[in-house]
Amino acid sequence: MAIIQNLWNRILEWFEDRQSRAELVRGFNRSAKEAFVAGVVPVMLEASIVRGDPSYRHMYSKMFDSGFRIKAFAGRQLSKQEIKIIGETILANDVLVRRMVVLGWDTLQIHCDVGNYGCQWRLFDLIRIGNS
Amino acid sequence: MDTIQNTIDSLTVAMPTTEAGPNVWMIIAVVEFIVILVLLLSRGKSDDAKARAKREVLKEGEIDFGNIIASPFHAEALYTELIRKCHPDRFAPDKEKMELANNLSTRITQSRRDLRALQNLKEEAKTKLNINL
């Protein structure tokens with residue numbers, strides 16, 4: 001009976017994770033869209049789930065979709081400094097980074113719609129679990 | 001009639017009936033199933049600790065995405081203004097204000113990428129240090 005209970009908990013956990021991940025991405029995209037439409041920000045940001053960097057794996061990493069990619073629709077190539085500032089702002093939010101890590105993301109990628117370069121960070125280096 | 005019989009005979013020769021007994025592929029499938037089940041059910045102490053840490057993190061409250069999205073584009077300008085106007089040296093004669101400015105400067109630097117926190121610090125600086133921003 002305990003075995004079945006354990007298995008059932010694992011299945012439920014898997015579905016909860018999927019839902020939490022989708023909610024986080026949806027919440028980010030909704031806020032980004034609202035901020036862009038209201039003229040608060042000059043660049044539209046869009047988050048998506050992609051394949052992460054295998055060398056950044058940690059104990060919570062999802063097997064395939066462990067990358068959190070933010071695409072900036074600026075209509076021009078953003079400078080490395082601008083991309084870096086967007087990334088650092090996200091990484092400065094401890095709550096968000098911790099949540100991303102426990103939901104299975106290990107890589108944060110930022111790039112824009114034009115150009116051929118972007119930046120990526122290893123998320124696990126930046127968390128402090130149990131110390132908010 | 002003979003042609004039909006010959007065809008049936010040749011088919012029987014070409015496709016011999018399977019022998020009764022343990023099928024290798026069935027055994028492999030059963031073993032695979034057992035391995036998957038064991039992997040699914042195996043849950044050590046580290047897994048429990050992981051799950052506990054995860055539950056704690058997920059309980060941490062709402063994330064202010066609006067602030068996160070606005071900060072990269074507006075926080076830097078506000079930070080530059082605040083750090084310049086709240087510099088302790090500007091309040092050198094008044095030791096109390098200098099102490100306050102020192103404290104504020106530290107918090108401003110810590111909140112460099114957080115627009116909401118910088119806005120709160122701006123209000124605090126206005127009231128406590130009595131400066132125009």
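How many residues does the contact take from chain B and from chain A? In this predicted model, chain B contributes 24 residues and chain A contributes 34 residues. About 2,900 Å² is buried between the two chains.

**Interface of chain B and chain A**
- Carbon and sulfur atoms account for 68% of the area that chain B and chain A bury between them.
- Four salt bridges are found across the interface of chain B and chain A.
- B:K54 and A:D17 form a salt bridge, with 2.6 Å between the closest N and O atoms.
- Seven residue pairs, both residues at pLDDT 80 or more, are in polar contact between chain B and chain A.

**The side of chain B that touches chain A**
- Helix 2 (24-41), helix 3 (45-58) and helix 4 (65-85) of chain B are the elements that each give two or more residues to this side.
- Helix 4 of chain B gives the most, with nine residues.
- By class, this side of chain B has 13 nonpolar, six charged and five polar residues.

**Hairpin in chain A**
- Strand 3 (residues 107-112) and strand 4 (residues 118-122) of chain A pair in the antiparallel sense, over five bridges.
- A:H111 has A:G118, in strand 4 of chain A, as its bridge partner.
- Five residues lie between the strands of this hairpin, and A:G115 takes a positive phi near 95° there.

Key: Residues numbered from 1 in each chain as written. Chains lettered and ligands numbered in written order. Predicted model: local features only at pLDDT ≥ 70, side-chain atom pairs only at ≥ 80, totals over all residues. Heavy atoms only, no water. Contact = heavy atoms within 4.5 Å. Buried area = accessible area lost by both parts, 1.4 Å probe. Salt bridge = Lys/Arg side-chain N within 4 Å of Asp/Glu carboxyl O. Polar contact = N/O pair within 3.5 Å; in protein donor to acceptor, adjacent residues only side chain to side chain. Helix = DSSP H or I, 4+ residues; strand = E, 2+ residues; numbered from the N terminus. Nonpolar A, V, L, I, M, F, W, Y, C, P; charged D, E, K, R; others polar. Pairing = 2+ DSSP bridges.
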